[in-house]
There are 2 protein chains.
Amino acid sequence: MALIVHKYGGTSMGSTERIRNVAKRVAKWARAGHQMVVVPSAMSGETNRLLGLAKELAPPKPGDDHNRELDMLASTGEQASSALLAIALQAEGMQAVSYAGWQVQVKTDSAFTKARIESIDDERVRADLDAGKVVVVTGFQGVDDAGNITTLGRGGSDTSAVAIAAAMKAHECLIYTDVDGVYTTDPRVEPDARRLTTVSFEEMLEMASLGSKVLQIRSVEFAGKYKVPLRVLSSFTPWDIDIKEEARSGTLITFEEDENMEQAVVSGIAFNRDEAKISVLGVPDKPGIAYHILGAIADANIEVDVIIQNLSKDGRTDFSFTVHRNDYAKAVDLLKAKVLPTLGAADIVGDTKICKVSIVGIGMRSHVGVASNMFRVLSEEGINIQMISTSEIKTSVVIDEKYMELAVRALHKAFDLDQPAA
Amino acid sequence: MALIVHKYGGTSMGSTERIRNVAKRVAKWARAGHQMVVVPSAMSGETNRLLGLAKELAPPKPGDDHNRELDMLASTGEQASSALLAIALQAEGMQAVSYAGWQVQVKTDSAFTKARIESIDDERVRADLDAGKVVVVTGFQGVDDAGNITTLGRGGSDTSAVAIAAAMKAHECLIYTDVDGVYTTDPRVEPDARRLTTVSFEEMLEMASLGSKVLQIRSVEFAGKYKVPLRVLSSFTPWDIDIKEEARSGTLITFEEDENMEQAVVSGIAFNRDEAKISVLGVPDKPGIAYHILGAIADANIEVDVIIQNLSKDGRTDFSFTVHRNDYAKAVDLLKAKVLPTLGAADIVGDTKICKVSIVGIGMRSHVGVASNMFRVLSEEGINIQMISTSEIKTSVVIDEKYMELAVRALHKAFDLDQPAA
């Protein structure tokens, strides 16, 4: 008997029929002797429907701040689906109870629409578990010190589930989703992509932040920080699949160094085309220019990803970075208005037709030549590299968007990711 | 400047366009210098949609109790509409904030799906009002001592609004709805029905409980108990109607005896066809039979309305009462199984094709012959009276359902309700 947390995404909760299947699956786990905490997302489409109504009432305008009320609004989607799941569990003959974030309580800061969990009081949940109940806890939401409802941002239910698993020292947190695990790359781009049976949380962190949409990145950070074993698996297997088989399915995200992991140098190829590149040309090369440029960007709440500063030539340098495509126009306008005049740079240029492709692998720590291998593969395909960024366990390149699929497939093959693990 | 509570029903909140109109109307009142608390219902159809999902997951079965979770579920409708209204108010340039019942707090008992308000802590709302904000408070819901969400039952938003008005000692509570006031009877049955400019809360209480659907009966009880001036008016007048004209429109429900009221003996004709009649025939006439019969009915949570016991003949009597039509079959089965054998009665007979028609008027207290006048009118129309029930300010008769419209129209005319008040 163990304490297990299940998390179900919006698609898995998308209709009463699917909710009933979730209830049957959870009941199976509970009847096998496990203490069960379940964290459901809102029914698919519901959050968009609610926020769409808000947008009709208050089309976004600079300076407007409806965030507190948007959280009051959006949080109702998860509350409704949690109550529905509890009812479905009761209909399956289980004792079940659902709690909103403020009831547990899931305490967060007051950053409405993107709050961060500060603490979870597990007393109420534990008492219910000990009384033999299945406990459903709303994902995505919490409550701040002033008693306002907050939400954690898109995908926040993953984080809720992991945070609850951490607070309750759960044996494992199972993230049920519409894919059956973490793949070496997106199978829609590379049909030979292979499901990983395990992946380290550091690799997962890089893959999530690099655009693998399986898990919200903060949930992976949380899992790593609190060492919560996290499994990504499909909610579309039959609910009455053998529980032992189910418990081994999907991809386990591990945090223990000595875990029996696949020893491939590169575990996966991540990519995204959500970014745009901005270059500030002819910047006088003196201390503080990075701060001068990026400080203005940060003040405007724009997140920066890859940052490159080229070698200086004649006392001037080029400074390039990438931002989310949605922030591109705003960032360029800002730099032209505020930074260009004071910095004495020559020009601002940009490109939205780029993509980022990365190889990720914990084995890269101990292997040399992995990055140069990557560059060779791309060169052989005639793909020009515009920016390079590296970390201990990943190497990313920014390339022309039109070569994205080609690059992913070539790298997938070159690093033997289409071959079963040794 | 006064503290005013507005309540808007589901139809008034039925679309973003209507919510925008509500916001404009509230903003007009706030700009006229009033402190505004607004209590909206869920968007029309939303509560039914949510409860419909629950019904799909757990078709109602005897012994099942999903009530706590149904309240978690249903309360989300009002939370969403409150947040949307706050956003619409902000878009109108107002400072606005919305609170769920547990945030205010609106404390109730733990009778899920039909909780009763026990207390309201107005501190948070008052601080916001003093800071110049419009405060939106969810209707229909509260929180019990254990921190569970409760709901007040259908139409509960009226009660919420009145309870908040009472707690805050509001100058007036305006109930905006899809009718423009309280009528002498239902205009769909009697086209000459006339809007009352004022009605006493005792009359309103009788009319509400007798089937006038304008206000939830508990809201009227609350208004009477705490002497909250209550006005029923239309939300379908243009939002920019002159505020003085709007403040005089609809029907004012008064509680002061010396108020300048319409002095008609009969103020209105109420009716409903939701009841069914059950008669226990040939009951041995001895002490305790009413308790014996109705105790069993009450234990099954069935509400009884009109109760009649006929004169005894040969030591036996007939005992008749009405219940809601939905409870009819259950009540008859119960009586046949449990009461008939032990009581030694002859038979149980019933009739679902009945209706109840009532004349209501505070003037009846001081006028004799009003009831007999009613019986004469019905007799002249050839309508047979099956049961009679009277109180200080109303007389009700149970008649064949097919005569309902005829009876209402004849009584409306006989008591001069089609004539303007003196």
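Modeller: Happy to! Leaving aside its neighbours within four places in sequence, A:Leu84 is in contact with A:Ile19, and across in the other chain with B:Leu53, B:Ala54, B:Leu57 and B:Leu73; contact means that the C-beta atoms of two residues, placed from the backbone, lie within 7 Å. Please keep in mind that this is a predicted model, where local features need pLDDT of at least 70, side-chain atom pairs count only at pLDDT 80 or more, and totals for chains, interfaces and linings use all residues. Residues are numbered from 1 along each chain as its sequence is written, while chains are lettered from A and ligands numbered from 1 in the order in which they are written.

A:Leu84 also stands out in the largest nonpolar core, which has 256 residues: A:Leu84, A:Ile164, B:Leu84 and B:Ile164 touch the most other members. Such a core is a set of buried Ala, Val, Leu, Ile, Met, Phe, Trp, Tyr and Cys residues joined through C-beta atoms within 7 Å. A residue is buried if 20 or more other C-beta atoms lie within 10 Å of its own, exposed if 12 or fewer, and partly exposed in between, with C-beta atoms placed from the backbone.

Now for the whole contact: 27 residues of chain A touch 26 residues of chain B. On the chain A side, the elements giving two or more residues are α1 (16–31), α2 (46–57) and α3 (67–91); helices here are DSSP runs of H or I with at least four residues, strands are E runs of at least two, and both are numbered from the N terminus. The largest share, 14 residues, comes from α3(A). By type, this side of chain A divides into 15 nonpolar, 9 polar and 3 charged residues, where Ala, Val, Leu, Ile, Met, Phe, Trp, Tyr, Cys and Pro count as nonpolar, Asp, Glu, Lys and Arg as charged, and the others, Gly among them, as polar.

How are the copies related? Chain A can be laid on chain B with an RMSD of 0.2 Å by a turn of 179° and a shift of 0.0 Å along the axis, so the two are related as by a two-fold rotation axis. The superposition is by least squares on the C-alpha atoms of residues with pLDDT of at least 70 in both copies. Of chain A's residues, A:Thr76 comes closest to that axis, with its C-alpha at 2.6 Å. Finally, 96% of the interface residues of chain A are also interface residues in chain B, so the copies meet through the same surface.
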